[in-house]
Structure formats: structure tokens, C-alpha cells
Amino acid sequence: MSSDRAASGARFAGKTVVVTGAASGIGRATALAFAGEGAVVYAADIDADGLAATVAASNGEIRTQISDVTNTEDIRALMDRAAAETGGIDVVFNNAGAGGDRAPIDEIEPAGWDRTMDLLLRSVAFGIRYAVPHMKGRESTRTGGAAIINTSSVAAVGPGYSPSAYAVAKGGVLHLTKIAAADLARYGIRVAAVQPGFINTNIFTRALEITGDAETMAKAAIAQMSQMAQPVARGGQPEDIAQAVLYLASEAAGFVTGTSLIVDGGLTIGPRDSWDPNSPGLLESLEQFAAQPAG
Ligand SMILES: NC(=O)c1ccc[n+]([C@@H]2O[C@H](COP(=O)([O-])OP(=O)(O)OC[C@H]3O[C@@H](n4cnc5c(N)ncnc54)[C@H](O)[C@@H]3O)[C@@H](O)[C@H]2O)c1
């Protein structure tokens, strides 16, 4: 870290950060957090209004780009622009996403499968592919601050958290993260993933295509459900994930690569009865069953 940067006290002063899916939810919160700590942020999304709202919420430097992560030329143009305007890229957060095809594995059609993989997995591969040439040789590659962070999910832990195609794609993101970390270590670029739990964003109403008055009601219900879904007794917020991403991207995480940070308020600790005293466990349920009168 140069003395100028150290003097500024901001962890990302002088750094160029690219964030995809920055018009809403986790991406917006992370773009705001990086900009708030001094980075020049390239905020990319397909939602122009949402990007404008992200910029309006920031006191820092956020430059927007309409970019569809399912289009590799859009990804390339995004990375090339960030590098051309600032001299290179220090951090990339491959985060854009949506619920994907909701069909179970025995009903899904090829087009829905491909669309989901393109959006959630291929996008991350090419976010890495087109950023890396602009990340080599930066000061951050020597100080530990060159990093690529990918958004996976608790859906990668096992079944039950999401539709099938989404879960497989997010599992792929974890494996891609490890492979890329090994390939890119020689350049001083670290690669890590974040696995959000139940985070209160627009992703659920969008996935279920709930709009109008129903959307307001659904969002209130989701906010309430999110408070009770996990051991930590409050709803997960986009800022919870943003703080994890900033840590992984920072020089403090200089010895962290190829790994993933679960940020889920304990959602994946185990079956509900392992942490909820009001939830009957398997043993208790069996005892109740055994105590029932026969017949
Ligand atoms: N919210 C959760 O509970 C949760 C849990 C685990 C993982 N995630 C993941 O977090 C990431 C962010 O989701 P979120 O919860 O903030 O949802 P969100 O809907 O609030 O934000 C997602 C953003 O991605 C953008 N996007 C969608 N398709 C795009 C495309 N083709 N190109 C560019 N941008 C596109 C959307 O316009 C939106 O701004 C996603 O990868 C999601 O799978 C979310």
C-alpha cells in the first residue's frame, strides 16, 4: 500500500472495482460499500433505472455500464472500459443473477437449463476470463489486494434451498472458484466465493414474477420470514454480504484464496431442531409417535 493510500485510511482508495448485478440487492450494497471505502466502482447491470438509483445512493465514485452477463461481449466491454479509464482492475465481484429455471430435474427443458447456467455459471467464468488480463501487474497483485469474488449460495451446500438448476450452477461456482484460484495464484490474484443465506432482496419476487400490489405484500411476508429462517434472530441484509465481500477483497485476506465464506446467520448449521428449541427433533417426533395409542 502506498503511503498516500495508507494516509487516506480507506481500504480501497485508488483501486478499481467491478461489480455485476449492481442495480439491486447484494450487488448494489457491495458497490456502495466499495465506493464508500474509496474505490472507483464500475457498476454493471441490465437495469438502467436500478443503476441510476445505486449512483444516487452513493457519495463515492460509481460509473455505470449496461451489461448483460449472459453476453460475453458485454462482459469483455465492461472489463476493457474499466481498465482503459483507470489503468487496470484490482477487484471483480461476479454477482449478477436471478432464480433461473424452476423446473425439477425430471422436467427441466434444455433451453431453461442452458439459460440458468449461462446466467449463473458461464457469466462467472467469463467475468474472470476477461478481467484477468487487466489485473496482472497491478500494485494490488503484490499487496494481496487483487481479488475476484464470486457469488455462490447456500444452495451449493445441498438440496432444499433452491430450484435444481440454480443449485447446480451455484455448486459449479464453488468449483470454478477453486480452479481459478489455483490457475491465477501465479499472478498474485486471489479468488474466493461468498455463499449468502436467506438475504432480503428482490430476487424472490422476481423469481416468482410477483408484481403490483401483490409484490408489496410478498415483500413484507419475505421480510418477516427472513427473520425466523435461521439461528441469528434477524433477517439477512445485502449489507451483510457486502461486508464479507469487502473483507475477501481486502489486503487483510491476503492469505485467503480458493475458499468460500458462508454468510447465512447459521441457516446451514443443521436441521432446525439442532438450533430451534421449539422445533421437535427426529427423536422427539419418534417418541411422540410411539406414545400414540395403537390402532
Ligand atoms: N438473496 C438471496 O437470498 C441470495 C442467496 C444466495 C445467493 N444469492 C445470489 O446473490 C446474487 C445477487 O442476488 P440478489 O439477491 O441481490 O438479487 P437482486 O434481484 O436484488 O439483484 C440481482 C441483480 O442482478 C441483475 N441481473 C439479472 N440478470 C442479469 C444479467 N443477465 N446481466 C446483468 N445483470 C443481471 C438484476 O437486474 C439485479 O439488479 C445472485 O447471484 C443470487 O443468485 C442471493
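**Close-up 1. The two sides of helix 3.** On one side of helix 3 (residues 48-56), Asp 49 and Ala 56 are exposed, where exposed means over 50% relative accessible area, buried under 20%, and partly exposed in between (1.4 Å probe, protein chains only). Helices (H or I, at least four residues) and strands (E, at least two) are DSSP runs numbered from the N terminus. Gly 50, Leu 51 and Thr 54 of helix 3 are buried. They sit on the same side of the helix because they cover an arc of only 100° around its axis, the arc being that of the directions from the helix axis to the C-beta atoms. An α-helix has 3.6 residues a turn, so residues three or four places apart point the same way. The cover over the buried residues of helix 3 includes helix 2 (25-36), strand 2 (40-45) and strand 3 (61-66).

A word about the model itself: it is predicted, so local features need pLDDT of at least 70 and side-chain atom pairs count only at pLDDT 80 or more, while totals for chains, interfaces and linings use all residues. Residues are numbered from 1 along each chain as its sequence is written, and side-chain values use heavy atoms, with hydrogens and water left out.

**Close-up 2. Gln 65 in strand 3.** Look for Gln 65 in strand 3. Gln 65 counts as buried because its relative accessibility is 16%. Apart from neighbours within four places in sequence, its contacts (heavy atoms within 4.5 Å) are Ala 43, Ala 44, Asp 45, Leu 51, Ala 77, Leu 78 and Arg 81.

Close-up 3. Ser 123 belongs to helix 5 (residues 110-135). With 7% relative accessibility, Ser 123 counts as buried. Its side chain reaches the backbone oxygen of Leu 119 at 2.6 Å. Beyond neighbours within four places in sequence, Ser 123 is in contact with Val 69, Ile 75, Asn 94 and Asp 118. On a 1 Å grid over the protein atoms alone, a cavity is a set of points where a 1.4 Å probe fits but cannot get out, a pocket is an open set with protein on both sides within 12 Å along at least five of seven lines, and lining residues have an atom within 4 Å of a point. The largest cavity has a volume of about 40 Å³.

**Close-up 4. The largest pocket.** About 1300 Å³ of space lies here. The pocket is lined by 50 residues, and the closest to its centre are Gly 97, Ala 98, Gly 99, Tyr 166 and Ile 203. The elements giving two or more residues to this lining are helix 2, helix 5, helix 7 (164-184), helix 8 (203-207) and helix 9 (212-228).

Close-up 5. Find Glu 209 in the loop between helix 8 and helix 9. Its phi is near 55°, a positive value in a residue other than glycine. Glu 209 is exposed, with a relative accessible area of 66%. Glu 239 lies in helix 10 (residues 238-249) and is partly exposed, at 46%. Glu 239 and Thr 30 are 209 residues apart in sequence, yet 7.0 Å apart in space, C-alpha to C-alpha.

How values were computed:
A polar contact is a pair of N or O atoms within 3.5 Å; within protein, one must be able to donate a hydrogen and the other to accept it, and residues adjacent in sequence count only if both atoms are side-chain atoms. Grid points are joined across faces, edges and corners, and a volume is the space filled by probe spheres set on the points.
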